[in-house]
Structures are given as structure tokens and as C-alpha cells.
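Open your viewer and get ready to click along. We will go from stop to stop, selecting a few residues each time.

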Amino acid sequence: MFDQFNRNITYLRISLTDRCNLRCSYCVPTEGVKLMHRTSILTCDEIVEVVKIGASLGITKIRLTGGEPLLRNDIIELTKRIKSTTGIKELGLTTNGTHLAKYAKQLKEAGLDRVNISLDTLNHEKFFNITKGKLLDTLAGIDAAIEANLMPVKINFVRIKTVNEVDELEVKTFCTNKGIQMRFIRQMNLETGEFYPVDGGDGGVCSLCNRLRLTADGTIKPCLHSNYGFNIRELGIEEAFFKALRMKPEKGTGSVAHQFYNIGG
Ligand code: SAM
């Protein structure tokens, strides 16, 4: 599937839910979250259908994100069905890691290839201040992912000005010691269109962008930094794909329609 700037779109990032058990300061807006109605959230069958049609149009790579994707109780079934879809070669997951100790082995068996885990500090108190969660849960998740061979395990480190710049080196050493990779992400602001390429990742370079995004309520978005979105329940899946493809901007500008927690980072 080629867009009007001749970029071959092969990658679909799927937000499985806008719910999260953590409250990361850079992700949750200060005015609080406005959650989608439960009935708006796509079912397992609907997501699999989007993947099937996406694959028939040229999608080969999927990433599951959120919200926290491991809060979905059908996560294993979803993983199995997505990975066994004809044409899907690669399946990744972005998670805060808190539920990975429970799921890593089952996810691997279900066909998940690899995981990115968010970790912004190794200081327990600071971790709590940033996320409102427990560092030990995420650390247990990282070990479980390595044990289950969900490789390469990658750590997403969001640089938060004046908060965790001093923790970077410690997290980097931690990753080196564990034989895992680290990606530095500068804190972005979707509303103002403030975004950056990800160091050590392939996101953020518009000329190379091969992505579309599916929100948890079925909206296909052409770009993280765009207000356009096309709902599969209103338009039908194929039409929503084509409309998003047509509206994929040459460069991201800004989005007030969605935030990281409900479009998926
Ligand atoms: N709950 C999962 C997690 O914590 O990884 C997946 C969803 S979270 C929205 C996915 C990624 O979004 C995080 O790893 C983080 O890097 C990124 N993210 C969220 N808010 C961001 C912001 N303001 N700037 C840059 N990255 C952000």
C-alpha cells in the first residue's frame, strides 16, 4: 500500500485499550483522562478482522500498544490470532511491564516476537513519582521477557526534563548488563506538534514513515501527529484504511484529537 508520497505502508500499530494501570506524568494529560466508553472498544474479532484486511493490503508488521495492552484479558487469544494471520511476519508489544511476569511465557508461545518495556528510572521513589506504580513489578517483567526470549527486549526511556536525565546512564548500564537494548525518547507534545526522532528506534522520521495506527475504538489514524481519523465501524475497514492512507501527511503537524494514552505511543 503506497501513500501519495510514495511511502510503502507495511506497519500497523494497534492500541488495544485506552485503560492503563499506571499514570505516567508525560503520558496522562494534567486535566485527566477521558476514557472511551467500554462498548466503543474493539472486540477481539474486530481487531483480527482489521489485521486480516490490513495484511491483504500489504501490512506485514504489527505492534500492540495502549493504554496498557496487557490489561486486556483476551491478550493471549489476540496474540495468537494476529500472529497466525496470513501475511503478518512480525508482532511486537509495548508495555509498562507490570503484567509481564504473568504473561511473558504465554505470549511467546502465542507467537509474540518481541517487547518494548517502558522504564524511566531505577530509583524506586522516582519511579513511583513518575508512574504511580512499583519499580519491582516492571523489573520482574523485564526479567520474565528475557527469560521467555522475547528478544530483542528494548527499554523505552522517556527523557523528562529536570526529572530523570541523571538516571540515563544508570538505565543504560542496567541494559548493557542484561544484554538488552535501550531507546531514548524525548518527551513530546502532540498538541503543539513537538516531536522528535527516537534514538535507537525507527520512529519520528517522516520521510521513512511506514505506519498507520488503529485506536482502541476503531479509528485508523494516518499519523500520530494528525487530527484525521477514520472509524472502521462507520466506514467499513477497507474504506477506513484507504481514507487514512490518502490523508497521511508528508510531515506530522499536531493533534488535539488524541493523546499518547488513547492513540498508543
Ligand atoms: N502502557 C504501555 C507502556 O507504558 O509502554 C504502552 C503505551 S505507552 C503510551 C507507549 C509509549 O508511549 C511509552 O513507552 C512512551 O515512550 C511513549 N510516550 C507516552 N507519552 C509520551 C510523551 N509525552 N512523549 C514521548 N513519548 C511518550
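**Stop 1: around the ligand**

Select the ligand and the 18 residues around it; Tyr-26, Gly-67, Ser-118, Asn-156 and Met-188 come nearest. Here a residue is near a molecule if one of its heavy atoms lies within 4 Å of it. Before going on, note that this is a predicted model, in which local features need pLDDT of at least 70 and side-chain atom pairs count only at pLDDT 80 or more, while totals for chains, interfaces and linings use all residues. Residues are numbered from 1 along each chain as its sequence is written, and side-chain values use heavy atoms, with hydrogens and water left out.

Now zoom in on Tyr-26: one of its backbone N or O atoms lies 2.8 Å from a nitrogen atom of the ligand. At Gly-67, a backbone N or O atom lies 2.9 Å from a ligand nitrogen atom. Move to Ser-118, where a side-chain N or O atom is 2.6 Å from an oxygen atom of the ligand. The protein covers 96% of the 540 Å² of accessible area that the ligand has on its own (areas come from the Shrake-Rupley method with a 1.4 Å probe).

Next, colour the strands β3, β5 (154-159) and β6 (181-186): each supplies at least two residues of the shell around the ligand. Strands are DSSP runs of E with at least two residues, and helices are runs of H or I with at least four, numbered from the N terminus.

**Stop 2: a salt-bridge network**

Which residues are linked with Asp-45 in a network of salt bridges? Select Glu-77 and Arg-81 to see the partners of Asp-45 in this network. A salt bridge is a side-chain nitrogen of Lys or Arg within 4 Å of a carboxyl oxygen of Asp or Glu. In the pair of Asp-45 and Arg-81, the closest N and O atoms are 2.8 Å apart. Asp-45 lies in helix α1 (residues 44-57) and Arg-81 in helix α2 (residues 75-83), so this pair ties together parts that are 36 residues apart in sequence. Between Arg-81 and Glu-77, the closest N and O atoms are 3.2 Å apart. Both residues lie in helix α2, about one turn of the helix from each other.

**Stop 3: two strands**

Finally, select Arg-114 and Glu-90, a salt bridge with its closest N and O atoms 2.7 Å apart. Arg-114 lies in strand β4 (residues 114-118) and Glu-90 in strand β3 (residues 90-95), so the pair ties together parts 24 residues apart in sequence.

Technical notes. A polar contact is a pair of N or O atoms within 3.5 Å; within protein, one must be able to donate a hydrogen and the other to accept it, and residues adjacent in sequence count only if both atoms are side-chain atoms.
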